[in-house]
Amino acid sequence: MSAHDPHHDTAQFPRWRAPDTLRTVAFVLMGTAAGWYLMLQLASVLRPLLVAVLLAYVLMPYHSRLRKQVGTPASIAILAGGTAGALVGLAFITSASVLALRDDVPQLTQRADDLLTALERGVSAYAPWVSRNDTRPMRVQATEQIGLVVRLIFGVAATAMIEAGVVGLYLLFLLLEGTQLPARVRRAYPKERAEQILQVAGEVNAAVISYLKAKVKSSFFLAAPVGAVLWATGVNFSLLWAVLTFLCNFIPYIGTVIAYALPVGFAFLWFGPSWEPFAAAALLLVWHGASASVIEPMILGNAVGISPLVILGSLAFWGLLWGVPGMFLAVPLTAVLTIVMEHFEQTRALAKLLKGG
């Protein structure tokens, strides 16, 4: 009688039904679920930390040069304090504008009510066959949507103002420890392994810096003319819409639509059917189109190198996990993940699939 072969049992099953395969799949699913739950619960900690890490990548070269001239403490105070002050100031200006906008909500809803009432009367007079199945008037639904959008913008601005201070605190320690990281890696790992880790860190650093610098530049070139056009046409809160355009430009595809629709919709609500909203809508449409087709491709180039389909998937994933802040982080996080996966044999093929052509 032959000895029992441990591989004989698994040979009876197809490979995908083998116990080892099923066990691996079960562990992966459990790890994914646990990771999702932890990231969801620790969002208030991880979001500002990731933002601080991305900013540290950009500021580290400046810190290395500045600390040779003014010393490490002064360099950290200038860079970390200045960055945190700029973030808090931007969030404060946005929150103040949103508060002023919230005070105008009753006036806006009244104008929306008047416009939609006239529209409903026109539809009833000239197209009586058009009927609505729901019992609530269209103007009531529009009023609810206006309040919802204002509350959403105010909530994001208030959250950003709180997290900006946390980002500055994280950034302080990251700049303090960042210059010592290469020496610590070389002490902790063998020479070849340490150089491999530092090489990956260098590639991540270059990719994040390239993306953020290009995106900041393209967003500024988009937002500044948008604010000027809105101010010239008399649209209130032009600074708020310019800041919103700047921030939304960091969200691929979806952000452009939001950055155009909100100020144009506000202009039509504020002025009604007059020349100002039509002029603003036409000029902003031309400038958004020019930015998307000429300016942004010229500035960004291949700064990220990720497939557009993958970008959409990452927007959906991080947006579902962390909401609007997650959508801001989606592209740089995906770029970092792709770079890291390229350095492991098991995930190299997947990283090549994620990259664009």
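Is Tyr 253 buried, partly exposed or exposed, and what is its relative accessible area? Tyr 253 is partly exposed, with a relative accessible area of 42%, where buried means under 20% relative accessible area, exposed means over 50%, and partly exposed lies in between (1.4 Å probe, protein chains only).

The model described here is predicted, so local features need pLDDT of at least 70 and side-chain atom pairs count only at pLDDT 80 or more, while totals for chains, interfaces and linings use all residues. Residues are numbered from 1 along each chain as its sequence is written, and side-chain values use heavy atoms, with hydrogens and water left out.

**The chain as a whole**

The secondary structure comes to 13 helices and 0 strands, where helices (H or I, at least four residues) and strands (E, at least two) are DSSP runs numbered from the N terminus. Of the 357 residues of the chain, 35% count as buried.

Helix α8 covers residues 191–232, and its axis comes within 8 Å of the axis of α9, with a crossing of roughly 155°. That angle makes α8 roughly antiparallel to α9, a word used for angles over 145 degrees, whereas angles under 35 count as roughly parallel, 65 to 115 as roughly perpendicular and the rest as oblique. The axes of α7 (residues 181–188) and α8 also come within 8 Å, and they cross at roughly 150°, so α7 and α8 are roughly antiparallel to each other. Axes are lines fitted to C-alpha atoms, for helices over the stretch in contact, and angles run from 0 to 180 degrees between N-to-C directions.

Helix α9 is largely enclosed by the rest of the structure, because 8 of its 11 residues are buried. Among these buried residues are Leu 240, Trp 241, Val 243 and Cys 248.

**One salt bridge**

A search of the whole structure finds 1 salt bridge, meaning a side-chain nitrogen of Lys or Arg within 4 Å of a carboxyl oxygen of Asp or Glu. The side chains of Glu 195 and Arg 186 meet in it, at 3.2 Å from N to O.

| Residue | Relative accessible area |
|---|---|
| Leu 181 | 48% |
| Trp 36 | 29% |

Leu 181 lies in helix α7, and its C-alpha atom is separated by 9.3 Å from that of Leu 198, 17 residues apart along the chain. Trp 36 has its place in helix α2 (residues 19–41). Although Trp 36 and Leu 321 are 285 residues apart in sequence, they are 7.8 Å apart in space, C-alpha to C-alpha.
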